[in-house]
Amino acid sequence: MVRTQLADPVLYGFSLALSLGGFVMVHTVRHPGDSLMPVGYGVLVLLSLPVIHLALLRSGFRGDGLVLPVTQTLVGLGLVELYRLQPAGMVRQATWVLVGLGGFLLAYRAASRAERLSRYRYLYAASILVLLASTLLFGVERGGARQWLDLGFASFQPSEVVKVCLVLFLASYLAEHHRLFALRPPQEVERRILVPVAAVLGASLLILVVQRDLGGALLYLSIVLGMVYVGTGRVEYVATGALAFLAGAGVCAALFPHVRARLEVWVDPWRDLAGSGYQLGQALFALASGGIAGAGLGLGYPELIPAVHTDLIFAAIGEELGYAGALGVILLYMLLVTRGFRIALRARRAFSQLLAAGISLVLAAQTLLILGGSVRLIPLTGIPLPFVGYGGSAVVSNFVLLGLLLGVSHHEEALHGRRA
Amino acid sequence: MTGRIRRLAGFLLVLFVLQALGAAYWQVWVGPRLAQDPRNPRLLLAEEQVERGSILDRNHVPLARTHVEARRAIREYPTGPLFAHLVGYRHPRLGKAGLEAAQDGILLGTAERTPWEEWRDRALGRRRRGFDVVLTVDREIQQVAAQALGGRRGAVVALDPRDGALLAMVSAPSFDPNLLEQNWAVLRQDPARPLLNRATHGLYPPGSTFKVVTMAAALSRRAADPDTRFFCPGFVLVRGRPILDFGGRAHGSLTLWEALVWSCNVTFFQLGMRVGGSILREFAAAFGLGEAPAFELPSEAGHLPDPEEVAGDGVAQLSFGQGSLLVTPLQMALLTAVLARGGVRIRPYTVAQVRTAEGEVVERHRAKSGERILAEEVARVLRDTMVEAVAYGTGRAAALPGVAVAGKTGTATASGGPPHAWFIGFAPAYQPRVVVAVVVERAGTGGRVAAPVAREVLRRALERVR
Amino acid sequence: MSELVLLLLRYLLLALLFLFLYRAVRVMQEELRGASGETSVPPATLAVEETEGRVRPGQVFVISGEAVIGRSPEVQVVLADEFTSHQHARLVVRGGRYWIEDLGSRNGTYLNGQRIEAPAPLADGDLVRIGSTTLRFRWPTWA
């Protein structure tokens, strides 16, 4: 039998069984007797992923066959844990997943004609500038960070759109200059690279200070440095950029007390456990209480952690599914990122390569930033864990990135008469 | 470019491995320790899932119990302040004390469970019932002891010398553990220190009650026998300071046992000089002074003077229980029990049984024999002398009709105020069933203040304990 | 819900998570094997039977492992036939035999007169029509 011909049914079977079992367990333990409608809705939303996968295959999809099953498992784990923490939040999140799947399909279509996608580079740059500027000017504060735009009927996080535009812009910009960099004199190359690097660096520091959004700042920085490295191979720029950000962050910490407070909590969360260290301290207690096998879904106390469903869902998973579950989640992300880079490696054109690598980098960077914050490797930031943590804008933008990734994958494989 | 993509991917995957290690650090490496950190709110929440076991007296009168009201477990103490120090309290915010703290694992049911049961209940998040603890104490005896103290500061410890079972442990003033939250601020700042368990943690000089140790040492080392004659001129100068008998009265010529009956300080100073400071100190240690008693509640060790301090005529203060020597009422009760047992030490205990809610006994106390520290003959002489002290001497107020009581009073000088009143004793003297130690702070002489308290406790205890 | 079921479920969930991961890794392994190992089957031939394009009838293409058929000069089996797509179809080796698979061509791929929707196994003597060109698949098995 030709396995790669179809979405692997066994893989989807395991994934769905996991989500379904999780829903059953949470429902029995936390919400016995409540309506099963939310669970039914969540399962339906999860089922739409294999349905979309099948529909894509019918229309000749020959891209990567693992990305969607892995994503489904992550989304499923997220919905189950959200159902445990906030059933109403789970329903909202499931709706956002549906919206995200719409975005996924649009992005997939767009990326299937990659050349056209790379043409709008200055549109991306302009959107980034407009979005950043409007957040700085009209941003609404929520949970300590001023990173929301209120549109009257809805509010969203522009940083999630910026993230997508930044990857598209850099892929296009660096691809255009890909050959150039190898041929032109060093001064000109430097100017061409330094402009975007310096611009993003400056914007990151501004975001850090004005919006108090350390996560966003670090995310933009890692995208630009990672993609400049892939596009140009100039390690010295990457190192300079990283050091400049560190120095800038140090100056900010010295000048602005709210930046310093964040760092102090990171260095020693136990000192002010009842106050500023409360969130991180509770997260660490949650992880510790989970042990190896976990308390069992619905049987821990992750609700003790403030903002657990957005920022620290990893700690909730760690508490209720134990280190086994936490490790499983990390391995899922490793799988997803590996597949993303594999798509980049199999692509033949610079723009596709850069785009696929950039998307993998964004997914990896978001995951690493929030996971690192949860286990105190780095300061805690407010980035939702991709596909798992609660956050409408984030889930939609990550599905759009996934659509672009699979679009590139399909396009490149079809172009070379291959199948991923 | 593929090489750089590979390197970036490799770099990121290494970072993921670091995350996995970071999570392993918190969940596997420090996890078990951090999860038990008292600041982890899960511990208290997990406790609320347990229906805590009851604490019962020897006749199964509840001293602490839990009842569930509107899905919340409420801990109540039906005897109020009576057992506040022994039973203690358990409060979600103010913590735990007494047996509520010491027997926590049993009351919660975490001890004594098979790993399978533990795992099953944890996995299912099931509310479970802890074990009941049956104590050796008797509510009636405790009640009488508390009444006999009559609002004065002090402590009473009563034991059964045959196996070391605690019969009563009173510390006054007390507090009501049911009203802990309302009164917490006042209780903590009260100069009378009502939260302190004086029976286990109150430190007092033993005064003349210590003379039984001096006499035991002298008889054991044959430094004197009961009929050895001493002469008491009423005072003696040691290092330029006079040692007086209480009231400054001269006893003249008297035998050793008369000196104990009349509690003559001058005679005991001379006896102490004959025995020598280091040997006297050794005997005090053998009686358990200066060491924390092995008891279910953590207890103070008190203080034994350093060997250098009691060298030469430095033994003077020690020989009649003054100076830097400090003891707890529990220690004095145990010391007395050695004499009641004919020279053998006992191990005190108060948890008689651990039972399931259905009454099935899970664990029963097993008495262990203690070490002999006095010859039977020496213990007999001391007993007879103490019987005389109650019959004719300083301890007359402890006498009971129809029962021989052995006892020794003590009047311990307290800085700046009236002395602490002590009484130690046991009854019936020739077949002891009850040992008692009483201290009343700054209340007067042992004979007048402490002996009547001991009499009431002995009277009731002999009725209750067969 | 019986307690035992919940108890089992608790560990079953972790087991499912790792079964998923194991399966995904297996799929990746098979991909690698498919890319390298399975192409080692005896070579086959495709002989042009008839055509309206500028293809010489009787021309024989030797196939060893995977091969893409199309109009593009980069593919292994080049058919200068205007009814053929750039990458029209391909031969793959799975399970020790050849399969024909359409690559989303405009005019489709026919096996023995039937248009194929999914990859189809090939047997010695089968006729494959691509665009206006009909090819005969020869894969003599000597065993």
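**Briefing: helices, sheets, cores and a chain contact**

Chain B has 18 helices and 19 strands, where helices (H or I, at least four residues) and strands (E, at least two) are DSSP runs numbered from the N terminus. This is a predicted model: local features need pLDDT of at least 70, side-chain atom pairs count only at pLDDT 80 or more, and totals for chains, interfaces and linings use all residues. Residues are numbered from 1 along each chain as its sequence is written, while chains are lettered from A and ligands numbered from 1 in the order in which they are written.

**Chain B overall**

- Of the 466 residues in chain B, 49% are buried; buried means that 20 or more other C-beta atoms, placed from the backbone, lie within 10 Å of the residue's own.
- Among chain B contacts between residues at least 6 apart in sequence, 68% join residues at least 24 apart; a contact requires C-beta atoms, placed from the backbone, within 7 Å.

**Two crossing helices in chain B**

- Helix α11 (residues 211-220) and helix α14 (residues 277-286) of chain B have axes that come within 9 Å and cross at roughly 115°. Axes are lines fitted to C-alpha atoms, for helices over the stretch in contact, and angles run from 0 to 180 degrees between N-to-C directions.
- V213(B), T214(B), A216(B) and A217(B) of α11(B) make this contact with I279(B), L280(B), F283(B) and A284(B) of α14(B).
- By class, the residues of the contact of α11(B) with α14(B) are 7 nonpolar, 1 polar and no charged. Ala, Val, Leu, Ile, Met, Phe, Trp, Tyr, Cys and Pro count as nonpolar, Asp, Glu, Lys and Arg as charged, and the others, Gly among them, as polar.

**Sheet in chain B**

- An open sheet of 5 strands in chain B runs in the order β10-β9-β19-β18-β17, with antiparallel pairing; two strands pair if DSSP finds at least two bridges between them.
- β10 (165-172) and β17 (406-412) of chain B are the edge strands, each with a single partner, so one side of each has no neighbour in the sheet.
- From one strand to the next, the twist averages 5°.
- β17(B) pairs with β18 (residues 420-427) of chain B in the antiparallel sense over 7 bridges, and T409(B) stands opposite F423(B) in β18(B).
- Helix α8 (residues 139-149) of chain B lies across β9 (154-160), β10 and β19 (434-440) of chain B, at about 30° to β10(B).

**Sheet in chain C**

- In chain C, 5 strands form an open sheet in the order β4-β3-β5-β6-β9, with mixed pairing.
- Strand β3 (residues 67-70) and strand β5 (residues 89-94) of chain C pair in the antiparallel sense over 3 bridges, with I69(C) opposite A89(C) in β5(C).

**Where chain A meets chain B**

- Chain A brings 41 residues into contact with 32 residues of chain B.
- On the side of chain A that touches chain B, α14(A) gives the most, with 13 residues.
- That side of chain A has 30 nonpolar, 11 polar and no charged residues.

**Nonpolar cores**

- The largest nonpolar core has 155 residues, and V167(A), L170(A) and F314(A) are among those with the most contacts inside it. A nonpolar core is a set of buried Ala, Val, Leu, Ile, Met, Phe, Trp, Tyr and Cys residues joined through C-beta atoms within 7 Å.
- α14(A) gives the most to this core, with 21 residues.
- A second, separate core of 128 residues includes L260(B), L335(B), L374(B) and I424(B).

Definitions and conventions
Two residues are in contact if their C-beta atoms, placed from the backbone, lie within 7 Å. A residue is buried if 20 or more other C-beta atoms lie within 10 Å of its own, exposed if 12 or fewer, and partly exposed in between; C-beta atoms are placed from the backbone.
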